[in-house]
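Hi,

Here's the structure I promised to pass on to you.

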Amino acid sequence: MAIHHRRNEPLSSLHAAGMLDIFQRLGVVAAIWHGHRWRVLHHHPSVTWFEVAHGMEGERNQRTARMLAASQRSRRGQLARHRGLADLFVPIVSSGRAHAVLTVGPFMTTHPTASEMLDRWAWITGKRGHLTDPEFSRYVSATLATLVLDPGSVNALRRSSEIIALALGEGATVKELAELDQLRVELERPRRAEWMDRAVNSVIHTWTDHPTFEDPRSLGLSRLPDHALVGLCRNLGANLDPLLERVQLHLFQRASAAMTDRVGSAIVGKAGERGVIVLSAATGSAASKRSHLLDLASRLARRARDFGFQLHAGLGPVGGSMSLNERYQLAMGAAQQALSRGVGLIEAEREHSTTAPTLRQLRTELAASDPADYQSRFEVYLEALRSRLEGRLDLTRAHLLAAFERLADAESTHGALDSRSLQDLDLELDRATRDARSSEELFDAYRRAVSDIASSVERPTQARRDRTLRRAIAFIRQHYAEALNLRQVARIAGFAPSHFSVLFKAREQMTFESYLRRCRIERAKQLLVSTGLRMEQVAKMSGFAQRYYFSRVFKQVVGTTPGEYRKIAAASESIRPR
């Protein structure tokens, strides 16, 4: 479809692409429904993929079908919400008829809480979420990466979509196109934290004296940044729930970006998952630049306390002829010292060596640190890998394994890890990293392993019990199609059946029998949607010996018979943009 003025004079393809890049910059899917087919304008990874993977997209597809029909019938835009996610449906009108619909989403209108993510995961999978589960961890990452819009930004996106729909249909006036340009500027705010993070990381992870940097004015800076501050977080309270901690760290990092944006002359990026990196472009004397950084450190420390963390900051040298990368390396080293000593801030001295510690030295420092600091120290190690290995997967694997083995050996020597626990950790790591296609996927797997080692030291009994239960759950997921019973799986976990039953229910919030049944039903849904197998074959491959029993259990859990589920899925499949 061409984009037109009111008089149907085609705009240049460059301007058309400029109009549509708003969706790319926001990180949302944009597609046109026309003639019972989808035309994708911009594709972006979405958290709704997990619904598709677990055969739960039917509800969303039915909602989409209703919204498409309502938009075309009323010729008015619709905002639809489903399970915490929102989408816009805007009709494209020409000759007085809505012949197509522009869809934009998904996005959220509030930041997700830990309990909301657990509830939604339970709806998708029928299971309780644990960060030790790689898939749930990926789901949490995808959820936290989803665009969040306040009411004003929702209205701006709605109006932008309406103008683009006009341009795709009857045509947009010059005034409306000018309005779209203004709205594009307004819609930069929701993703500003992500843009700053990319800019910061493009600088500090380029191992040169003159790293590339986009136009500083686009980030609100008058010039290129030349000084650095690093802050690493430690929990103020003990035994904080891991999922709540992850959400709070994410919110702290976003709040830090917003605060720094208000103060001005600096941008903020993430120091892994447990800290922040500030790059300053303040002007004036060395004393005024130092004062600006110290003020930012103080403000960040107060924000960290609001989210339940103690911030330990390192300030890179101010003044002199050093590269920004060198200042960042020294700031990171100072932050590590502040974390180790339990102090709020340490200023790096310009006279100190600017040579960054080797990866071997970082591994040695990690193994020698307090277990309470393992995760923050490991984030420092990951930052070094990002900077120096430039995404080379084979080298990344080798250095991550070296760090894990150094840490595991240290705790095995101290008695915190027995041989069985170490074997369980090795197996989980192998499963989690075997098919990793990026450094970030490897980082996530090793973060979980390091967290597990820290738990083994701080809460040894609980950590050992959790590992054995994870071993049992992995066994269930690998063998659910076979004849399994409680006694057999309890033996795998190393518990008496009655005790295993109690522990399992406490962890998963359901009985062993219910969990096994849901694993089988989930597999059945996938087979019903993706294959044309007969019901007897679906039942057998899902772990049900008889078709009749399979149908009865399926209806109890899902609410429809297997045959009805397959028909509904087939009917709604064409409604989902691909």
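S288 sits in helix 10 (residues 286–306); helices here are DSSP runs of H or I with at least four residues, strands are E runs with at least two, and both are numbered from the N terminus. S288 counts as partly exposed because its relative accessibility is 31%. On that scale, buried means under 20% relative accessible area, exposed means over 50%, and partly exposed is in between, using a 1.4 Å probe and protein chains only. The S288 side chain reaches the backbone oxygen of T283 at 3.5 Å. That's a polar contact: a pair of N or O atoms within 3.5 Å, where within protein one must be able to donate a hydrogen and the other to accept it, and residues adjacent in sequence count only if both atoms are side-chain atoms. S288 and V148 are 140 residues apart in sequence, and their C-alpha atoms are 36 Å apart in space.

Before going on, some ground rules: this is a predicted model, so local features need pLDDT of at least 70 and side-chain atom pairs count only at pLDDT 80 or more, while totals for chains, interfaces and linings use all residues. Residues are numbered from 1 along each chain as its sequence is written, and side-chain values use heavy atoms, with hydrogens and water left out.

Now the whole protein. Its secondary structure comes to 23 helices and 10 strands. Along its principal axes, the C-alpha trace spans about 75 × 70 × 40 Å. Buried residues make up 52% of the 578 residues. If you take the contacts (heavy atoms within 4.5 Å) with a separation of 6 or more, 67% of them are between residues 24 or more positions apart.

What about the inside? The largest nonpolar core has 54 residues, and L279 and F378 have the most contacts inside it. A nonpolar core is a set of buried Ala, Val, Leu, Ile, Met, Phe, Trp, Tyr and Cys residues joined through side-chain atoms within 4.5 Å. Leaving aside neighbours within four places in sequence, F378 touches L366, L400, A403, Y446, R447 and V450. Another core lies apart from that one, with 30 residues, including A86 and L183.

Then look at S369, in the loop between helix 12 (359–368) and helix 13 (374–389). Is S369 buried or exposed? S369 is buried, because its relative accessible area is 12%. Its side chain reaches the backbone oxygen of L366 at 2.7 Å. Leaving out neighbours within four places in sequence, S369 is in contact with Y374 and R377.

- At the start of helix 5, a side-chain oxygen of D133 comes within 3.1 Å of the backbone nitrogen of E135.
- Helix 9 (residues 242–263) has 22 residues and reaches 31 Å from first C-alpha to last, close to the expected 32 Å; the expected span is 1.5 Å times one less than the number of residues. D241 caps its N-terminal end, with a side-chain oxygen 3.1 Å from the backbone nitrogen of L243. After helix 9 comes G264, whose phi is positive, near 90°.
- Helix 17 (residues 460–479) has 20 residues and reaches 29 Å, close to the 28 Å expected. Its buried residues include A463, L469 and F475, and what covers them includes helix 15 (419–433), helix 16 and helix 20 (512–530).

Last, the cysteines. How many disulfides are there? The count comes to 0, where a disulfide is a pair of cysteine sulfur atoms within 2.5 Å. C233 counts as buried because its relative accessibility is 0%, and C519 is buried with a relative accessible area of 5%.

Cheers
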